[in-house]
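Please keep the sequence and the structure in view while reading.

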Amino acid sequence: MRSAFRPLTRRGLLTGTLGSAALLAAGGTLAGCGTPGAQQTEAGCVSEDLSGTEKTLAFSNWPQYMDVDDDDESKRPTLDGFVSKTGIQVNYTEDVNDNNEFFGKVQNQLAACQSTGRDVMVLTDWMAARMIRLGWIQKLDKAKLPNVEANLLPSLRNRSFDAESQLAIPWQSGLAGLAYNGRVAKEIRTVDELLTRADLKGKVTALSEMRDTMGLLMMSNGHNPADFTASQFDDALNKLKRAVDSGQIRRFTGNDYAPDLAKGDIAACIGWSGDVVQLGFDDDQIKFVVPDSGVMLWSDNMLVPNRATHKANAEEVINYYYDPAVAAQLAAYVNYICPVQGAQAEMEKIDPELAANPLIFPDEAMLTTSRVFMALDEQQEREYEGKFQQVIGA
């Protein structure tokens, strides 16, 4: 287990220099997404699986998202275990540094029904939803995923962009909620407190990730971010604008809020559970709060792109990581929410303290308050991001 706070996480990378603003800057690219030439279908873009004769697999993931041997960083214990168990050699590459950036890497090939050279790639919900919408992702064979069928958390099933869990299988998950520093602020329980409490004025940050900030605000209005109307979005946006105009919110951030929260330079914020787990190793006054109205749940997902030539091998590695013992070993290193039922009991054998951490293994009460942001079509994506960017001044 690593106890030092990592200053740049997968979630931070996606909302940092190439986050929501990059989505707008890529307007021409996104416009191309909806053209008939970009759209594919299962029948129109057929993939040949060579897994029967080729025991190999190309796996693209985010940096620091795989367990590493502390004594020999060239070793990845769980992945090495997969190779030993199956004989499938894995070309593992940490080349997903930002969802939009990665989209740019593979867009032309996938739009033209060409191979990306990858068999598995890990992308965040909203990008997974976009690629599924475009018909760029292969459907998985559930018969080859018995561990997923048995052990995927109920809260991660029936998602709007993959209701049958046949296209996007969660790798790790996280929560967006509230956080505060108990040395400089009293306890906070609601989004409305964050946005209006006088003692917090000018000492608050919110996330530049539209789905997380707006999802929390919609829930605070009694609306469901998994199924909302344009007027409900606008109601939440007006609430956010009032907090910006009043000076309550100091700024909007990626995960660069974390050092400021640790120092007490900001008192409270909208933040991510993974950051608070890391900060909490060093300071138990840094608290993550599930708002009374609910919390946002996000996942980074394993996807098999069209024209991947080792689909069965990919299904084998996906199924392997849903073995609770393997999932626990991975979670002990990355410290994000483990999406695998049964892993908590296995974690007890590795690190009882981590097994008891509700930000790695949320209880049912926490998960029942969680929502996944609604999948957006291309027009909605551009419209909602544009309105949000205007309010946050990006």
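In which helix do Glu 346 and Lys 349 both lie, and how many residues apart are they? Both belong to helix α15 (residues 343-350), where they are three residues apart, about one turn of the helix. Helices here are DSSP runs of H or I with at least four residues, strands are runs of E with at least two, and both are numbered from the N terminus. The model is a predicted one, in which local features need pLDDT of at least 70 and side-chain atom pairs count only at pLDDT 80 or more, while totals for chains, interfaces and linings use all residues. Residues are numbered from 1 along each chain as its sequence is written, and side-chain values use heavy atoms, with hydrogens and water left out.

Glu 346 and Lys 349 form a salt bridge, with their closest N and O atoms 3.2 Å apart. The term denotes a side-chain nitrogen of Lys or Arg within 4 Å of a carboxyl oxygen of Asp or Glu. Glu 346 is partly exposed at 25% relative accessible area, whereas Lys 349 is exposed at 65%. In these terms, buried means under 20% relative accessible area, exposed over 50%, and partly exposed in between (1.4 Å probe, protein chains only).

The structure holds 25 salt bridges. One of them joins Arg 211 to Glu 209 at 3.9 Å, N to O; Arg 211 is buried, with a relative accessible area of 6%, and Glu 209 is buried too, at 2%. These two residues belong to a network of salt bridges that also links Arg 130, Arg 133, Glu 381 and Glu 385.

The discussion now turns to the domains. An automatic or database domain assignment divides the protein chain into domain 1 (56-171 + 299-352) and domain 2 (174-297 + 376-392). Ten residues from domain 1 and 13 residues from domain 2 take part in the contact, which means heavy atoms within 4.5 Å. The area buried between the domains is about 910 Å², with 52% given by carbon and sulfur atoms; buried area is the accessible area (1.4 Å probe) that two parts lose on being put together, summed over both. Two salt bridges are found across this interface. On the side of domain 1 that touches domain 2, helix α6 (residues 125-133) gives the most, with four residues.

Finally, helix α12 (residues 273-280) is mostly covered, with seven of its eight residues buried. Its buried residues include Asp 275, Val 276 and Leu 279. Among the elements that cover them are β4 (169-181), α11 (257-263) and α14 (324-334).
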